[in-house]
Amino acid sequence: MAKRYRSAGEITFDVFNYVVLGIIGIAAILPFLFVVAGSFATEAEITKRAVFLIPTTISLDAYRFIFSTDTIVRSIGVSLYVTVIGTAVNLFFTVTMAYPMAKRYLMGRNLILNLVIFTMLFGGGMIPTYLVIRELHLLDTLNALILPGAISAFNLIIVKNFFQELPAEMEEAARIDGCTELGLLWRIVLPLSKPVLATFTLFYAVGHWNNFFSALLYINDPSKWPLQVMLRQIVMLSQSAAGDLSSMDPNFVQPPEQSIKMAVIVVGTLPIMCVYPFLQKHFAKGVMLGSVKG
Amino acid sequence: MKQGAAMGAAEISAGTSFRRSRREQRFRRLKRDKWLYILLSPGLLYFLLFKYVPMWGVLLAFKDYQPFLGFWKSGWVGLEHFRTFFQNPDFFMLLRNTLVLSLYNLVFFFPAPIILALLLNEIRLSFYKRTIQTLIYVPHFISMVIVASISYVFLTTQGGAVNEFLFAATGRKIDFLASPDWFRPMIILQTIWKECGWGTIIFLAALAGVDVEQYEAAVVDGASRWRQTWHITLPAIRSTIVILLILRMGTILDNGFEQIYLMMNALNREVAEVFDTYVYALGITQGAFSYSTAVGLFKSVIGVVLVLGTNWLAKKSGESGLY
């Protein structure tokens, strides 16, 4: 574009806009940075200053404490298990259902599509769903954190739309070469859908790691609590994280409670922060695919 | 599509045995696509079991559920649970809290991503724009428990950073977490922090679709940046705004169970308790299944009516709407 005259007002606006957005950008992650800093703090640091970004002395006591407790370590294990298995279940159910639904010639396709869309509009609600889970004897099992959310209707429709847009010629060619329906899905469709599948793998995985509601509803047994529930117990209900301090090293200095809380928050967020760079590359595109109607 | 045409011809040539032929056709199609149906079955089973069986379960709202009798043998009581609920003073508290929170959300949160997207759209430096976007999307991926935990850690009167600052500055502390006055602002601030950046995605996409020539023409006509925003940019994203507004209307009665449940306590309950937390408290923790199903059903039905109603209004006013 050719250079044009910019009024003083426009320049003022630009400067203002860049500064304001810069502040908003920093504000988005600042609370988390404070928590990370606080998690490395010592008792002295905490009493001296309430909030800081760079601790004068870095102490790993809070993390050492967390990883020496059975309860937190076990809950991390539960969360990891549910995230890995749950995401695999999500992908299997979503892909196998989306693929047939992408075939316009499939008999009953519209009925199924309407059945799915209706669930986005109306649901049985908390109690009837709870009773179904109970009848299936899933209460207090980790399957209760996996199966009831096996498919997100919204994601299903996006994946279906994506499959639908794939060039039909490739499928026809493969079919002429004697490729079976399953072979088609496995060898042609899935490899072509890698970006979309990557997006949903990460979305589903993040959903499982962050899940609190299902565990609150369906899991009473503290030994099966995922990390998010444990987090609430420790930070909000201020319950002691360990229980068995006696078994620990006598030279061990218990870190300040505030640091422990912050360290648990960090641990609860860390996996998200690790996958975020990969996530970020894909999701804008993935979300956009959803706006295609059909 | 050739298949469709061939089938049509087959149907016509069948003449009198039209019906039988159709049935045969169907059977042949079922057989041809058997693998597709096999693939479809796990997903279908999921929807029936975890979505449609619970829908059937809302009949509990009209029954007097007795655990030892089970779903089928418990007696019918008609609308009694609804009557009890509407006569209960809790009903007005829940309705008020729910609506006020939704209103706050609509007024303070809903425009925020639009404004943020408009500001971002004015940034010409693409590196700067992408950096800001990367930063503001982060909170969306953080769990509500973490958001609530961070709020607790900062706002507590026992060494929380915000209160330490307040104390240093004014000599007083404010118990944000246990004060009814602070509950709503706290909830809205959390929502804005968590979802505002993420909410810009859809508007930025809509903005990216605006024809650049329109701006160039406007500049030639001497339109200021404000005029361009008002006459080109905003009309361009109007339909996106309307669609999101319709979707929001549907969720006006669910204010996000997790967030409110996590931030609620005995001291702020009078402004915090909403339909969802009430259903949880009565149904899951106290076992009043039928009554709380009725409360949940009331909420769902109003939600559906609101979506359909807003959609109808949107169509009436010339927007494309959702359906």
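**Polar contacts.** I looked up the polar contacts across the interface of chain B and chain A, and the rule finds 20 residue pairs, both residues at pLDDT 80 or more. A polar contact is a pair of N or O atoms within 3.5 Å; within protein, one must be able to donate a hydrogen and the other to accept it, and residues adjacent in sequence count only if both atoms are side-chain atoms. Helix 3 (residues 34-57) of chain B gives the largest share of that chain's side touching chain A, 18 residues. Helices here are DSSP runs (H or I, at least four residues), numbered from the N terminus.

**Ground rules.** I note that this is a predicted model, where local features need pLDDT of at least 70, side-chain atom pairs count only at pLDDT 80 or more, and totals for chains, interfaces and linings use all residues. Residues are numbered from 1 along each chain as its sequence is written, chains are lettered from A in the order in which they are written, and side-chain values use heavy atoms, without hydrogens or water.

**Salt bridges.** I found 2 across this interface. The term needs a side-chain nitrogen of Lys or Arg within 4 Å of a carboxyl oxygen of Asp or Glu. Arg225(B) bridges to Glu10(A), with the closest N and O atoms 3.6 Å apart.

**Rings.** I looked at Tyr276(A) and Phe141(B): their aromatic pair is edge-to-face, 5.8 Å centre to centre, with 65 degrees between the planes. Rings of Phe, Tyr and Trp (its six-membered ring) pair if their centres lie within 6.5 Å; planes under 30 degrees apart are stacked, over 60 edge-to-face, the rest tilted. This pair crosses between chains.

Terms used
Helix = DSSP H or I, 4+ residues; strand = E, 2+ residues; numbered from the N terminus.
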